[in-house]
Amino acid sequence: MNGRQLGYARVSSVGQNLDRQIMELEKYIPRENIIIDKASGKNLNRPGYQALKGALGLRTGDSLYIKSLDRLSRNKNDIKNELQWFKDHGIRLVVLDLPTTMIQVPQGQDWIIDMINNILIEVLSSIAEQERHTIKQRQREGIDAAKRQGKHLGRPAITYPDGWETYYRKWKNGEITATYAMEELSLKRTSFYKLVKNYDK
């Protein structure tokens, strides 16, 4: 690949310092080619990064240098998708903390870079899948533990207030209005009709 060499540096907030990342990137590319963001890595909606992927940004044959994969995102699924995007667009991603991505290959042997990218995508996919499985398992274990302890999960059930039967019958017989029954039973409109629905069953 004989395209341009660009860099990307990110910190999560305005108060954090980018100097260390920029110093590392400047060993390989000029300062004016480094795009920076001071924004969270929880998603990809960052002005600098989106500009890199826009019409005036990275093109086929270009290389993008970053200090570590989490500079792209802290979401492993997002990282996987971005690696696939770089691969699909013929853009080489060079990660300083991953020496294998920095291998220089002879012209015409770009398949080696593709192989490295495929391995990265596969590894990250496996990690993301394992994390999702672990989260689901922990949630299941938490629910089971709560049930064993007799804890009620979800919204607490609405109980019938004292005097419900009396006021319900009077309302049904047309002796009082629903509003009057609600006031006497200290119920909100939605709660009253929800209890009516359940009671009618």
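Arg169 and Glu165 sit four residues apart in helix H5, so about one helical turn separates them. The two form a salt bridge, with the closest N and O atoms 3.1 Å apart. A salt bridge here is a side-chain nitrogen of Lys or Arg within 4 Å of a carboxyl oxygen of Asp or Glu. Arg169 is partly exposed, at 43% relative accessible area. Glu165 is partly exposed too, at 38%. Buried means under 20% relative accessible area, exposed means over 50%, and partly exposed lies in between (1.4 Å probe, protein chains only).

The model is predicted: local features need pLDDT of at least 70, side-chain atom pairs count only at pLDDT 80 or more, and totals for chains, interfaces and linings use all residues. Residues are numbered from 1 along each chain as its sequence is written, and side-chain values use heavy atoms, with hydrogens and water left out.

## The buried face of H5

H5 spans residues 164-172, and its buried residues are Trp164, Tyr168 and Trp171. Seen down the helix axis, they fall within an arc of 65°, so they line one face of H5. The arc is that of the directions from the helix axis to the C-beta atoms. Their cover includes helix H6 (178-185) and helix H7 (189-200). Contact means heavy atoms within 4.5 Å. After H5 comes Gly174, with a positive phi near 80°.

The side chains of Asp200 and Lys172 meet at 3.8 Å, N to O. Asp200 lies in helix H7 and Lys172 in helix H5, so this pair links distant parts of the chain, 28 residues apart. Asp200 is partly exposed at 44% relative accessible area. Lys172 is partly exposed at 45%.

## Overall layout

The chain has seven helices and four strands. Its pattern along the sequence is β-α-β-α-β-α-β-α-α-α-α. These elements are DSSP runs numbered from the N terminus: helices are H or I with at least four residues, strands are E with at least two.

Buried residues account for 36% of the 201 residues. Of the contacts between residues at least 6 apart in sequence, 63% join residues at least 24 apart. The accessible surface of the chain is about 13,000 Å², and carbon and sulfur atoms hold 50% of that. Areas come from the Shrake-Rupley method with a 1.4 Å probe; for residues, only the protein chains shown count as cover.

## Two nonpolar cores

A nonpolar core is a set of buried Ala, Val, Leu, Ile, Met, Phe, Trp, Tyr and Cys residues joined through side-chain atoms within 4.5 Å. The largest one has 18 residues, and Leu64, Phe86 and Leu93 have the most contacts inside it. Strand E1 (5-11), helix H2 (47-52), strand E3 (63-66), helix H3 (76-88) and strand E4 (92-95) each give two or more residues. H3 gives the most, with four.

Beyond its neighbours within four places in sequence, Leu64 touches residues including Leu6, Tyr8, Leu52, Phe86, Leu93 and Val94. Apart from this core lies another, of twelve residues, among them Trp171, Ala178, Leu195 and Val196.

## The Asp97–Lys67 pair

The structure holds seven salt bridges. One of them joins Asp97 and Lys67, with the closest N and O atoms 2.6 Å apart. Asp97 lies in the loop between E4 and helix H4 (111-148), and Lys67 in the loop between E3 and H3, so the pair ties together parts 30 residues apart in sequence. Asp97 counts as partly exposed, at 43% relative accessibility. Lys67 is buried, at 13% relative accessible area.
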